[in-house]
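Hello,

Here is the structure I promised to pass on to you. Please have a look, and read my notes below when you have a moment.

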Amino acid sequence: MAFVLVILSGRMLEASTDDSIAFFEEKIRPVLVQHCYGCHNSLGKAKGGLALDYRDALLEGGDSGEAILPGNPGESLLIQALKHQNGYEMPAQAPKLSDQVIQDFEKWVQSGAVDPRHEKPSATTTQGMPAWEKTRDERSKWWAFTPPQMPMIPKVDADQWSDSPIDRLLYHRMLQEGLAPHEEASPEVIVRRLHLILVGRLPAPHVVETFLADPSQDAYETLVDKLLASEEFGQHWARYWMDWYRYAESHGSERDPRIPYASMYRDYLIRALNDDVPYDQLILEHIAGDLLETPRVNQQMGINESAIGPAHFRMVPHGFGVTDAYGEQISYVDNQIDVISKAMLGLTVSCSRCHNHKFDPISQKDFYRFFGVLTSSRPSSVVVDSPDKANINKSEIQQVKATLRTRLAEHWKKDLSRFESWIREYKHGEDELPSLKRPIGTWVRLRDASSEEMVGALQAFQNELAKEKQQQTEAITQANFYLDFRTSEKTPPWTSNGNSSAAESSRPGVYALKTEGPQAVAAIYPGGVYSHLFSEKNAAVLSSGNFRVAGTHVYARLAGSGLQARVAIRNYPLARPGSDLHHVNEIDQTYPRWIKLNSNLKYWKGELSHFEIRTSKDGLPQPGAADKSWFGVAEFLVGDNPPAELGAPLISVVPEAKEIASTEAMVEAYQLALKESLDAWKTNQCTDVQAEFLNEFLQLGFLENSLENLPDDIRQLLIQYRKLEAEIPIPTRAPGLIEVHPRHQPLLIRGNQDQEAEPVLQGFLEVFDEEPFEASSSGRLQLANRIVSESNTLKSRVLVNRLWAAVFGRGLVASTDNFGRLGELPSHPELLDYLAVQFEKDGWSIKNAVRAMVTSQAFRRTSHPAGVDKESDPKNVFLTYFMPRRLNAEVIVDNVNSLASNDQRVIYRPVIRNELDPFLAVFNAPVPVSTVSTRSTTNVPAQALAMMNGELVMGAAKQWAKQIDASHASKHWEEKLIVMYAQAYARKPREDEIESFQEVLASTDDDRDKTFFLAYAIFNSKEFIYVY
Amino acid sequence: MCIEPRNRREFLKWTSAGISAYALSSIINATEGAMPIASTQHHPAKARSVIFLYMSGGVSQVDSFDPKPLLKKFHGQPMPGTVERTQFDAVGNILSSPWKSRPYGDSGIEMTELFPKLADHVDDLAIVRSVTANFSEHAQGNFFIHTGFPFLGHPSAGAWVAYGLGTSNPQLPPYVVLRTDKAGIPHGGVSLFGNGFLPAVCGGSVFNLTGDRAVPNISPALAKAEQKRALNLIRSLDSGFASRVIAEQAIQDSIRNAETAFEMQQSVPDLVDITGETKETHDLYGVTSANPHVAQFGKQCLMARRLVERDVRFVELLCSSVGIGAGGVANPWDQHGDILQGHGQMAEQVDAPIAALLADLKQRGLLESTLVVFAGEFGRTPFAQGTGRDHNPYGFSVWLAGGGVQGGRVRGATDDFGYHAVEDVSTIYDLWATVLHLLGIDHERLVHRYGGRDMRLTDVHGNVWKNLIS
């Protein structure tokens, strides 16, 4: 670089050397660019009137005066702001820059603030902002994005602390900090503490006694194992998990619609934790449990556990009857992304919806990578039965029905000989004359016609039919969206979920059997997708690919019972009664016919939407009540022209019939039609019209359908079907997502939904893996695999840190939801890495990780203040003692209830967003809206009021006292107090406590009042709501 | 004193260990032992307290503060131009206002005669006719205007004000929501008043003014003497416990809380007992009105004054439902049908009490330091839905009075039909930016870090309505 002379605004003349320019370029400019230009530039945004992106502006300063005084860093506002002095703090709302950087700035100002940025930047130079990749790579040096390493485990010179790596790392660190661990807590304290931490319950007095009799290491470890193995472990720890995934059973907002089957997820978590399912497996299940090749099956319950995992995706808050469906979708997908990224990664990916992340190596594209994955799945109820149970008797039924079809066809063909006499005696019972389109129509309308009339009428009908066929073709070719469910090619794409026969399309002639009553066959159908070919109990959700709303009407050739059909806008799963914006069509129709569906295409013109049909109990927003429900669908059409119903007239089945001119010829034509149809039906080759033709004569009673009159072998087959069908259970359902074809979400410029840029290919965070997903499915399975892959440095650290926080009261990373730049640094980086690496080595076992923590020496330290040096480590970061803390709301309520012999735990109560339990809320149970992994423990008088005056405590105190009085009748209150102390505190009352009670109880005569008083006081005591 | 975000975080650590706090608003949140008396002042404050008159369901701007003569001319004709999506998709023809309009006051601001008594105070009002919201649905709209976000979990404006200003009365919560048995909680539920991720003390405490139990659990479950004895015993147990574990401060705080709670059992009933107010005051506010809706809203207005006198920072009032035209307990102003009767009776409910409140505050010298805000979650369409009007978030009116606001002013305008805001288009964020500004707070600097992000009431938006400030 050349030697340059610089004139500084006429104030100063200075020769800059290459060195000082190099210093600026190396140390100063990158910091200015990265941390300052965003808010302080000369291109439109100069907060406080200050621009820092070229020299003159910098020297001019801002509203507060000059930013720098070259040669005088101490007086320079810029330096004060970097140092957080005199009320200035820069960068704003961001962490203070490192001491090294600040020193560089001081040095730079001290030595004259050499600044080669002579030109005011133009927009085209984009302010010299570094490429995102460079920023990202710089940010990815943050500790959390580097792979965890198994640390050296230091040797320590203290017997007690030399066994477990946890203790060695902790002890070593205490020594480094000049601290020493406190003594071990007493056995009675430890046994209570262990119970509250592991199972959230108070220890039973006899357990306490046993442990006090033998508080050995062996006895302790046995107790730990026993508690880890108890059902109550999962009931306690699942609540943490529910906080991470903002568990709720309703969507909130107006009317607070319920989320069907939501509690399945809670029960799944409890079982998974009790079964110690490996954490990587649980992550896979949470993202894509429904897609795993080998799902985790609970044989005892007959359910596919894995498939319940994605239920949390459904626990989003939803607006009610929304008018901006895209905005709504962005808002709830943002919530899904926010929750999985915080819960699984300890990162705030949803902060990058409008721009690249401000502090972490997360790009705006990353947000839309996730977004594409999540909008390639749709909200639904899903069947979570084990594959065996879900598919029970299917192949058997298929076999029986195939045999039955042959036998019925043969039997009916033999019966054709009586057709002439049957039809000649046929009396049309219906009031209205049947249309010629109906199979029987030709006969009823024309049997008595003259030849000329017959020929004329058929000719006219044929012309009419041809015209309607033409119209039909036009309606389809001009349709804005058309789906033909009669072909096995799924173009345009559609998917089917559930455990029914709707998985694929059926050829014409497909038929259903009656499961009760005197008749055999329910109907013979045209080709299409049918859900009830095995049983009406089977669950089915049929869902089309996306289409843009255009045209005026929606039609479906549809049949079914208790079904729900709708055009869903932007996957919005709710509806608003009284408004048809999100109309759900509830339809009962025995045979597939074109039905106009209620929808509001004009309103939603241009919106991304899809068509879906659901069996009753799979309905959204609310399932119907019918265990038995089915649908059959042949075609779906969106357009301006209504499709025509072409029926199955005689002339469509037997083309020669259009020539007939006599009743005799007509009878013959009918016979031929039936014979050909039966032949075709028998070999599964029939056409739609043949199927409908047969069905008419089945329903009219010509084709024998009475069990009583059918031959024995046919009857036996039918009985066999009914037996097999009866064994099919009502499916077990859970909230979930269903796969549809992959979609790549356009990036929204500045997060604005009206400004879509190019689609972003689905993928994981680029800081971990830049390779986009193969676009063959929703991408959920690939996302799941990437999250548990080696490249992700966060997954286990985040989890073990939360387990640690639950056990020790504070995470090694205190910001348990945020491992990014705004989060806190780990207090014990080696220990955190040890736990993370060991966790994975140990089969991702949560129980083993927790066991290692509670069997550490650190866990068993006293919480007594004697000899504690609070000055050196006021927050107990180095864990020289056990941190006493208030119990979580649920644990408090469970303990109050259990002393009153009510063992129903709070975790089993519904969590309804608009009716959150006030008692739990006042003790800081979170509002279920985003991930919470550190609950606050505020102190407010409302807590005291709830304990003093609330019904829960009053009722429980009375009940507890009653029980104590009953089991210890005629005992002195002091003896009762001893019993109650054992139950509530796992210890004996102290002398001074007995004296306090004595003093107060002296004025009470009634013994029962005294016992109540004891109970009331204990419940209201702080010790009762503390673990220490 | 200027508390920067970092110091504020320190200050929060003093109060609590955590990040996300929430207290359901049906529970009283007073502050003893929970929050120091500290306030954020970025510049000198004009107002000390806010009274938020919440008109849930949506007041029709064209029938009240933004009259449009053109509607009369085009009455019965189809709405010209693009019609935005409405929630019920029942877009009728233009409906002229059943209420006449004329200029009022020295300022000559045009208003309809829907609020005749309030109109007498027009020279105290700053009317913003160009407010827009982002949602056409009640619950989302309610959350949006309260918190800046369309669903539960974010702190309510009252909670942010409490967070920003702290409190100087430890016996009362800094944010109180008034209701009666008739006036219920708007769609979305009590989370509308929640503290979100702010300290629990900031959350709205709902006082039900019907009957003698304004707040749950406020009535002693034991006889007073007995309870006192119990509390003495508990205190001695707790003091012992505090000396045996290393959490003394937290335990001492909760001991103090128990004592505050004990006293609140007396002080809250005293506060809500208005028998000490004069008959003139009762009459002025309409507490004695034969119309039960007026009586209950009058009681709320009177209570708002009493709370402001006691340094409560943010008081929110709720209307009762007259049961007309789809307006229910949660959305009383929601006249999709029969707007004539519905809005007429709703206006009658609030008109005299609000006028009384303004007059009383003024006469007591409190109006200068008390900012009164009148708003609903959206306005209503200029075209009909049957005999009523549908929701319209694209342009509606709110007004402010007192607390440093220049009265007799109008800001912004809607188009000739009163449909879209077209001049000085404003947002809910602007409203709160202005409110915070009047309280001495820079809305961009009132932040709380939550989940890795510095959260604000105004998100990343908000411009102060500077021309309305006196």
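Predicted model: local features only at pLDDT ≥ 70, side-chain atom pairs only at ≥ 80, totals over all residues.

Residues are numbered from 1 along each chain as its sequence is written, with chains lettered from A and ligands numbered from 1 in the order in which they are written.

H10 covers residues 231–244 of chain A and H11 residues 263–274, and they pack at about 125 degrees with axes 8 Å apart. Among the residues that meet are Trp237(A) and Trp241(A) in H10(A), and Leu269(A) and Ile270(A) in H11(A); contact needs C-beta atoms, placed from the backbone, within 7 Å. By class, this contact has eight nonpolar, three polar and three charged residues.

**A tyrosine in a strand**

Tyr591(A) sits in strand S14 (residues 585–597) of chain A. Tyr591(A) is partly exposed, with 15 other C-beta atoms within 10 Å (20 or more would be buried, 12 or fewer exposed). Beyond neighbours within four places in sequence, Tyr591(A) touches Ala523(A) and Ala559(A).

**Chain B**

Chain B has domain 1 (1–31 + 219–266) and domain 2 (40–212 + 273–468), with bounds from an automatic or database domain assignment. Their C-alpha centres are 34 Å apart.

Best wishes

Key. Axes fitted to C-alpha atoms, helices over the stretch in contact; angles between N-to-C directions. Helix = DSSP H or I, 4+ residues; strand = E, 2+ residues; numbered from the N terminus. Contact = placed C-beta atoms within 7 Å. Nonpolar A, V, L, I, M, F, W, Y, C, P; charged D, E, K, R; others polar.
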